[in-house]
Amino acid sequence: MSKYSIDQFIQKSKQVDKGQGLFELETERILEINLDGEIWAKMGSMISYDGKIKFEREGILEHGLGRLVKKAFTGEGSQLMRATGSGKLYVADQGKKITILDLQGESIFINGNDLLAFEKGLDWDIKLMRKIAGMMAGGLFNVRLEGDGMVAFTSHYEPLTLMVHPGHPVYTDPNATVAWSGNLEPEFVTDIQLKTFFGRGSGESIQMKFSGSGFVVVQPYEEVVYAQNTQS
């Protein structure tokens, strides 16, 4: 059906409470947060809200939450904000598909540009990928989350999870890598043949190597976040 009456359109697209708790997928690309307290979300991700909600940039929160926040997020394509209060908060990120994970004492790394929102109770830390800071532009940091609570991340189109087994490492393009299990530490390797073929500036020659036992999440899209300030 290509045309709707106003009533038909409202019935098809209106917000519906699904009773799924704090994090609820209103659509595949819009996250509803039934806020009663505090959560962290990506700066600029708010598209609508109702109720009494206050937003604060992460940069003004200096109570032991340094964790390289300013250094890692300033000029690297993304910042965090804290949303406090009660009401319905709707967040999205450039129409990307949203996935919600309910961590139960587990840990996961998520690319900083793909992290959409997470519960206050989760322990988190920012890791800057210094080894490739001079080779690629932007998206050089990730966030490690651990504990009990929900986290939402985004991907261009459908994500694919690849299992990593001992003795069988998985290689990924950094720009297509979304997340990986918290027990894995990626190693950055350079394919000399690709580097020669594409030229020294090519991102294709730089790969992430995951060894051990765990999983890696990739997307069918190479997302490049251009840094405004590449100095560390």
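This is a predicted model: local features need pLDDT of at least 70, side-chain atom pairs count only at pLDDT 80 or more; totals for chains, interfaces and linings use all residues.
**Exercise 1.** Find how many aromatic pairs the structure holds, and classify the one formed by Trp 40 and Phe 118.

Solution. 
- The structure holds 7 aromatic pairs.
- For Trp 40 and Phe 118, the distance is 6.4 Å centre to centre, with 15° between the planes.
- Planes under 30 degrees apart count as stacked, so the pair of Trp 40 and Phe 118 is stacked.

**Exercise 2.** Which strands hold Trp 40 and Phe 118, and what does the pair tie together?

Solution. 
- Trp 40 belongs to strand 2 (residues 30-42), and Phe 118 belongs to strand 6 (residues 115-119).
- The pair therefore ties together parts that are 78 residues apart in sequence.

**Exercise 3.** Decide whether Trp 40 and Phe 118 are buried or exposed.

Solution. 
- Buried means under 20% relative accessible area.
- Trp 40 has 4%, so Trp 40 is buried.
- Phe 118 has 0% relative accessibility and also counts as buried.

**Exercise 4.** Classify the ring pair of Trp 180 and Phe 210, then place its two residues.

Solution. 
- The ring centres of Trp 180 and Phe 210 are 5.4 Å apart, and the planes stand at 55°, so the pair is tilted.
- Trp 180 is in strand 11 (residues 177-181) and Phe 210 is in strand 13 (residues 206-210), so this pair ties together parts that are 30 residues apart in sequence.
- Trp 180 counts as buried at 2% relative accessibility, and Phe 210 is buried with a relative accessible area of 0%.

**Exercise 5.** Which residues do ring pairs link into a cluster with Trp 40?

Solution. 
- Ring pairs link Phe 118 and Trp 124 with Trp 40 into a cluster.

Note on methods: Residues are numbered from 1 along each chain as its sequence is written. Side-chain values use heavy atoms; hydrogens and water are left out. Rings of Phe, Tyr and Trp (its six-membered ring) pair if their centres lie within 6.5 Å; planes under 30 degrees apart count as stacked, over 60 as edge-to-face and the rest as tilted. Helices (H or I, at least four residues) and strands (E, at least two) are DSSP runs, numbered from the N terminus. Buried means under 20% relative accessible area, exposed over 50%, partly exposed in between (1.4 Å probe, protein chains only).
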